[in-house]
Amino acid sequence: MIRRPLSPAGWFGAPALLLLALPFITLIGVTSWGEFHLAYGDWNAVAVSLGLSAISVPLIIVLGTPLALWLARATSPLRRWAEVLVLIPLLTPPLALGILLVSAYGPYSTLGEALATVGLALTNNAAAFVLAQVYGALPYFILSARAAFESVPPSLEDAAKVLGAPPRQVLWRVTLPLARRGLATGLAIAWVRAVGEFGIVLVFSYFPQGIPVKLYINLQNDGVNAVYSLIWLLLLFTLPFPLWCLATGRQWRRLA
């Protein structure tokens, strides 16, 4: 195998890599490995984050993929307004968005009162937690998926239609396979955003407590030394899936 020297772009990118790596290099040094232990409720927080993220991420895919495809292909003037609506949650601070969710879905809102009449409540429960994750991650997935669909040449889709393929078959046999690399990246980002969402969850669904909120509680109660163990669990249990998505995307790129 021929080893190529590091390109100028690689050298110029090294400071950014060092900047990103420094906190985690520090984490290795500041962790008290001889006294490594978890606080009460940490394992439950891991279960909550992983279990409810496994619900919210498929919802994000189902809700976001059709909108992303429409944004990538539509020529309607409504597209610009839809783009604005996707960007607004990204521009809104998470704490502020959590307050807005309480105002929209909380027990004293019109919608909240209507849901209460049928036995549904969207505050401080698993359903509210999932909804908070969806609001935190959905815009990121939509933007990534739209970029993936925009990378698919419309001429290939048109050729499949000319050959007699119905729209559904064009989607499954042409559009989605060609966009899969970008969709894998969007899926990785959605997972990371859902698992790591703190501000919206803190305001809208304090209970059940996932990893981010439990980190905050441990920090407030016991100080910074009490959070390192849970940070390691966060990395251990949540990194494999997005890394697998990114690795799969690179593999598809090599095979393409």
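This report walks through the fold, the charged pairs, the surface patch and a few local details of the structure above.

The model is predicted, with residues numbered from 1 along each chain as its sequence is written. Local features need pLDDT of at least 70 and side-chain atom pairs count only at pLDDT 80 or more, while totals for chains, interfaces and linings use all residues, and side-chain values use heavy atoms, with hydrogens and water left out.

## Overall picture

Let us start with the fold. The protein has 13 helices and 0 strands, where helices (H or I, at least four residues) and strands (E, at least two) are DSSP runs numbered from the N terminus. The C-alpha trace spans about 65 × 65 × 25 Å along its principal axes. Asp158 sits in helix H7 (residues 154–162) and is partly exposed, at a relative accessible area of 42%.

Of the 256 residues, 37% count as buried; buried means under 20% relative accessible area, exposed over 50%, and partly exposed in between (1.4 Å probe, protein chains only). Accessible surface amounts to about 15,500 Å², and carbon and sulfur atoms account for 70% of that. These areas come from the Shrake-Rupley method with a 1.4 Å probe, and for residues only the protein chains shown count as cover.

Contacts (heavy atoms within 4.5 Å) reach across the sequence: among those between residues at least 6 apart, 77% join residues at least 24 apart. Leaving aside residues up to four places away in sequence, Thr175 touches Leu69, Phe149, Val152, Glu157 and Val170.

## Charges and salt bridges

There are 16 positive and 9 negative side chains, and the centres of the two sets lie 17 Å apart. Here Lys and Arg count as positive and Asp and Glu as negative, while His and the chain ends are not counted. The place of each charge is taken as NZ of Lys, CZ of Arg, CG of Asp or CD of Glu.

The structure holds 8 salt bridges, each being a side-chain nitrogen of Lys or Arg within 4 Å of a carboxyl oxygen of Asp or Glu. The table lists some of them.

| Pair | N to O distance |
|---|---|
| Arg79 and Glu150 | 3.4 Å |
| Arg146 and Glu150 | 3.9 Å |
| Arg193 and Glu197 | 3.2 Å |

In the pair Arg79 and Glu150, the closest N and O atoms are 3.4 Å apart. Arg79 belongs to helix H3 (residues 78–91) and Glu150 to helix H6 (residues 126–150), so this pair ties together parts that are 71 residues apart in sequence. Arg79 counts as buried at 18% relative accessibility, whereas Glu150 is partly exposed at 38%. Glu150 also pairs with Arg146, and both of these residues lie in helix H6, 4 residues apart, about one turn of the helix.

Arg193 and Glu197 make a further salt bridge. In that pair, Arg193 is partly exposed, with a relative accessible area of 27%, and Glu197 is buried, with 4%. Elsewhere, salt bridges that share partners join Arg79, Arg80, Glu83, Arg146 and Glu150 into one network.

## A nonpolar patch

On the surface, Leu95, Ile99, Val102 and Val203 form a nonpolar patch with about 300 Å² of accessible area together. Patches are made of residues with over 30% relative accessible area and no salt bridge, with like charges joined within 9 Å and nonpolar side chains (Val, Leu, Ile, Met, Phe, Trp, Tyr) within 5 Å. Helix H4 (residues 94–105) supplies the largest share of the patch, 3 residues, and Ile99 lies in that helix.

## Backbone details

Which backbone spots deserve a look? Most residues other than glycine have a negative phi, and most peptide bonds are trans. Phe207 and Pro208, however, are joined by a cis peptide bond, with omega about -5 degrees. Pro208 lies in the loop between helix H10 (199–204) and helix H11 (211–222).

Asn124 has a positive phi of about 55 degrees although it is not a glycine. This asparagine is in the loop between helix H5 (110–117) and H6, and counts as partly exposed at 40% relative accessibility.
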